[in-house]
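Reader: I would like to learn how to read a protein model. Could we go through it feature by feature?

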Amino acid sequence: MTYDAVVIGGSAAGLSGATVLARALRKVLVIDAHEPRNAPASHLHGFLSRDGMTPEALLASGRDEVISYGGEVVQGRAANVARSSDNDSFLVQCEDGTVIETRTVLVATGLRDELPDTVGVREQWGIDVLHCPYCHGYEVRNTAIAVLGGDNRPFTMHQALLIRQWSDDVTFFPNRIVLDNAERERLTACGIRIVEGEVAQVVTEHGRVTGVELADGRTEARETVFVGPRFVPNDKLLTGLGCAVGENDWIAVDPAGGTSVPGVWAAGNAVDSPAQLITAAGDGYKAAVALNHYLLARDVERAVEVTSIPATNG
């Protein structure tokens with residue numbers, strides 16, 4: 001069987017796109033590794049009508065919707081995508097050796113968060129160690145918040161100022177960042193306390209954050225920690241296809257998620273690091289509509305070619 005579309009990645013962007021395509025009566029298959037970025041979080045927020053739902057419940061509901069409209073969803077991991085020998089379709093090879101032929105591809109493989117190498121950060125990730133105030137700020141409002149500086153300087157500097165909206169008790173630990181006078185003035189003017197020194201670890205008791213310990217032995221009592229991960233897109237499939245890369249070193253896409261390779265779209269965190277669940281779902285929807293229009297144009301071209309073939313006398 002040749003699918004109209006194979007969607008690689010089954011989180012918000014991929015499942016949203018797959019649902020649109022299935023409702024358009026396209027033969028669509030979702031390949032999902034079941035490793036969503038937000039798996040460590042106990043609840044999701046900011047998704048209209050689904051606030052407070054667990055991430056797994058949202059995805060399970062999304063898979064059911066795709067299937068209810070005739071789409072297919074399989075658990076697996078795509079290892080490679082290549083043009084077919086006739087250059088008219090794509091071949092998706094999975095890690096188990098399965099090869100799937102499809103007319104188009106929608107890549108929604110997300111990104112991975114490279115966390116600061118600080119003891120306690122990874123262990124508490126998604127619990128009391130967070131990065132997005134729009135996702136979790138309300139739930140930790142008015143707590144004693146720490147913001148850890150690190151390699152992602154622009155992100156953490158902005159984060160410290162932003163977090164102040166949710167709490168009057170925010171402490172910024174520059175860690176390896178050397179603040180200039182203007183940065184220091186902006187932070188203190190907003191009521192943010194600055195604690196100098198190298199951060200040794202995030203301290204926990206009974207599974208919850210209780211403080212931030214510095215290398216010199218000082219411990220600052222804190223309840224919540226915000227960090228700035230390095231966002232690394234899972235774009236190996238796209239670069240392998242030769243999709244053009246933009247000035248920001250991420251895969252370049254048009255407003256509907258179209259890449260430089262005809263027949264290939266990308267949506268969600270694979271091409272947009274700030275994308276939240278709800279915006280990723282919208283991106284998947286837009287990409288699916290554009291993909292369907294691409295298929296429609298090809299279908300019309302083929303129909304015209306067939307009808308224009310001269311009849312032969314028997």
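The dialogue below takes up the overall build, the cores, a pocket, some loops and the cysteines.

Reader: What should I know before I start?

Author: This is a predicted model, in which local features need pLDDT of at least 70 and side-chain atom pairs count only at pLDDT 80 or more, while totals for chains, interfaces and linings use all residues. Residues are numbered from 1 along each chain as its sequence is written, and side-chain values use heavy atoms, with hydrogens and water left out.

Reader: How many helices and strands does the secondary structure of the protein chain come to?

Author: Helices (H or I, at least four residues) and strands (E, at least two) are DSSP runs, numbered from the N terminus. The protein chain has seven helices and 17 strands. Its C-alpha atoms fill a box of roughly 95 × 35 × 35 Å, taken along the principal axes.

Reader: What share of the residues in the protein chain is buried?

Author: Buried means under 20% relative accessible area, exposed over 50%, and partly exposed in between (1.4 Å probe, protein chains only). Of the 314 residues in the protein chain, 48% are buried.

Reader: Which residues have the most contacts inside the largest nonpolar core?

Author: A nonpolar core is a set of buried Ala, Val, Leu, Ile, Met, Phe, Trp, Tyr and Cys residues joined through side-chain atoms within 4.5 Å. The largest one here has 29 residues, and V28, L106 and L291 have the most contacts inside it. Among the elements that give two or more residues to this core are strand 1 (2-8), helix 1 (12-23) and helix 7 (277-307). Helix 7 supplies the largest share, eight residues. Another core, of 22 residues, lies apart from it and includes I8, F90, V105 and V261.

Reader: Which residues does L291 touch?

Author: A contact means heavy atoms within 4.5 Å. Not counting residues up to four places away in sequence, L291 touches A5, L21, T104, V105, L106 and W265.

Reader: Which residues lie nearest the centre of the second largest pocket?

Author: On a 1 Å grid over the protein atoms alone, a pocket is an open set of points with protein on both sides within 12 Å along at least five of seven lines, and lining residues have an atom within 4 Å of a point. The second largest pocket is lined by 18 residues, and S16, F47, L58, G62 and E65 lie nearest its centre. Helix 1 gives the most to this lining, six residues. The volume of the pocket is about 370 Å³, where grid points are joined across faces, edges and corners and a volume is the space filled by probe spheres set on the points.

Reader: Where is S49 placed, and is S49 buried or exposed?

Author: S49 is in the loop between strand 2 and helix 2, and counts as exposed because its relative accessibility is 59%. S49 is not a glycine, yet has a positive phi of about 75°. N87, also not a glycine, has a positive phi of about 65° and is found in the loop between strand 4 (78-83) and strand 5 (90-94).

Reader: How many disulfides does a search of the whole structure find?

Author: A disulfide is a pair of cysteine sulfur atoms within 2.5 Å. The search of the whole structure finds zero. For C190, the nearest cysteine sulfur is that of C132, 19 Å away. C190 counts as partly exposed because its relative accessibility is 36%, and C135 counts as buried because its value is 17%.

Technical notes. 1 Å grid on protein atoms, 1.4 Å probe; cavity = no way out; pocket = protein on both sides within 12 Å on 5 of 7 lines; lining within 4 Å.
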